[in-house]
Amino acid sequence: MNRLGLLSSSFSLNLWSDLHSMWQYAFMQHAFEAGSIVAIVAGMVGYFVVIRRLSFAAHALSHAGFAGAAGAVLMNLNPLFGLLIFTGGGGLAMAALGKKAASRDVQIGNVLAFMLGLGVLFISLYKGYATEAYSLLFGEILGISSGNVTLTWIAALVIICAVALLYRRLLFTSLDEDVAEARGISMLGMNIIFMLLISLAVSIAVQVVGVLLIFALLVTPASIAQRLTKHPLQGIGLSITVALVATWIGLFTSYYVPYPVSFFIVSVVFIAYLIVRLVQFLQHTGKAQPASD
Amino acid sequence: MIELVKAERLSAGYNSKAIWHDASFSIKPGEFVGLLGANGAGKTTLFRLLLGLEKPLSGSLEIFGEAPRRGNPKISYIPQRRIIDSETRIQALEYVRLGTFGNKWGFSFGKNAVQERKAALEILKLVDASDLAYRSLSELSGGEQQRIFLAQALVGKPDLLLLDEPLANLDIRREIQLVSIIDRIARSEKLSVILIAHDINPLLPVVDRIIYIANGKVAAGTPSEIVTNQKLSELYDAPIEVLRDSRGRLAVLGTEEAMHHE
């Protein structure tokens, strides 16, 4: 059975005809389109999130976004706007408090819990369907509207242009804050810009994997890439590739199997992560053995 | 000859509280200067003043004949003990390239990228680190990392190199090796160097001048002027004894650092 119980096609070994049949549905087209854009952006921003050690801050921003999105739902607005405002506000606050603030896990955790609580309140005040909460928390890419696809495109173009323009400065400040500062780069300026980029990326990624599974697109692909290459541009490329492949496999599989897309995406990246770690562990012990003889 | 650095009655500190005051000294182009003093004495603060990251509390400070300003490309800075996380894998060559391209916009490609790589590889050769170019920074030893940091600082062709505790956590052999690399490059490239250290001994063969910060006071001069019983006792306001062993190595007794060793 497929997820809606209405779709007539079933899985065949001809990949092309499978894709062709699922793309006959507008919702699958939208899902593939938005999912791909999000994967590209999340993989790219994720690389810097990982080298800047901001993964927990990114996670926290997505939780702040949950409160914003739930509030927007309550006010009958597009949840994406609520996400943007709350993640953006949270990002600015973290940037203003300095990079060290972004790594203070206890303080961030406190704010994060409060934001989730606020989100729960808004959701309970909302007299609509509980599925809203579910899709915010775990993503619902198959339900994405064409309006949101357009918004996703715009956000993605902003992020891609900003990263292309700031690539070298981002890399420099990520790897070598003190030297970059001495060379005249404004730390506050870069922190603000980067936090806003994370906020934007988180906001559109929530549509695909939800608030709680944001790591799957924003951190895990980049951390896999970090393990596989020492070269920054290759790392970004690889991170994007992992995120894209995971999203496609997730969407493809969920067309035939009635489980959430985000579950499949998380599973693909996690399995990839495990494989990479296992292979590297085996390589390492393989190398170490002759030396111990 | 124009002075490279000129300080007159300079005081430095944070929140209008002076860490040290009334420092007057000058550094000539091409000199190798050792900056010594206890932890928290304000050695790094002097660097931050030179880099234009802090303002003096009072007095005047000139560098290259002008007031310090942020982002001066004539100055390269190697901060103290940078944490290279084992999870952060970055090729040494790419890291060195940051020294030339890190504050530029956009990407470098084509001819620029080739030139940057070439410059980075040349500098890596200069610091005896050609074999490390394609390794990840996080898997290098402390001494190897210091050579990569040095390469990154040199690749922008600075006139002045500020090194904050590059010898920390190195064993004696690697200390001597790094100091001699820095000295060789400084002489051949006509670079001025200010190097912060705890221990004067590895620097003695190469330094032209010493700046000693202790007890809120700053003394500057040649090693034979500064590292004496009288001068250091004055500086610390306590009896200090400088001992010299059979191989010319110095031991400064009576300072806080020395007492910690006992």
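In what order do the strands of the open sheet of chain B follow one another, and is their pairing parallel or antiparallel?

1. The open sheet has 3 strands in the order β2-β1-β4 (chain B), and the pairing is antiparallel; strands here are DSSP runs of E of at least two residues, helices are runs of H or I of at least four residues, and both are numbered from the N terminus. Two strands are taken to pair if DSSP finds at least two bridges between them.

2. This is a predicted model, in which local features need pLDDT of at least 70 and side-chain atom pairs count only at pLDDT 80 or more, whereas totals for chains, interfaces and linings use all residues. Residues are numbered from 1 along each chain as its sequence is written, while chains are lettered from A and ligands numbered from 1 in the order in which they are written.

3. The edge strands of the sheet are β2 (17–27) and β4 (58–63) of chain B, each of which pairs on one side only, and the twist averages 30 degrees from one strand to the next. Strand β1 (residues 5–14) of chain B pairs with β4(B) in the antiparallel sense over 5 bridges, and Ala7(B) stands opposite Leu61(B) in β4(B).

4. Helix α1 (residues 43–50) of chain B packs on this sheet and touches β1, β2 and β4 of chain B, a contact being two residues whose C-beta atoms, placed from the backbone, lie within 7 Å. The direction of α1 makes about 115 degrees with that of β1(B), where axes are lines fitted to C-alpha atoms, for helices over the stretch in contact, and angles run from 0 to 180 degrees between N-to-C directions.

5. The contact between the chains takes 22 residues from chain A and 22 residues from chain B. On the side of chain A that touches chain B, the elements giving two or more residues are α8 (146–175) and α9 (177–182) of chain A, and α8(A) gives the most, with 8 residues.

6. Two residues deserve a check of their backbone angles. Most residues other than glycine have a negative phi. Asn76(A), however, has a positive phi of about 65 degrees although it is not a glycine; its place is in the loop between α3 (55–74) and α4 (79–96) of chain A. Asp128(B), also not a glycine, has a positive phi of about 60 degrees, and its place is in the loop between α3 (110–126) and α4 (142–154) of chain B.
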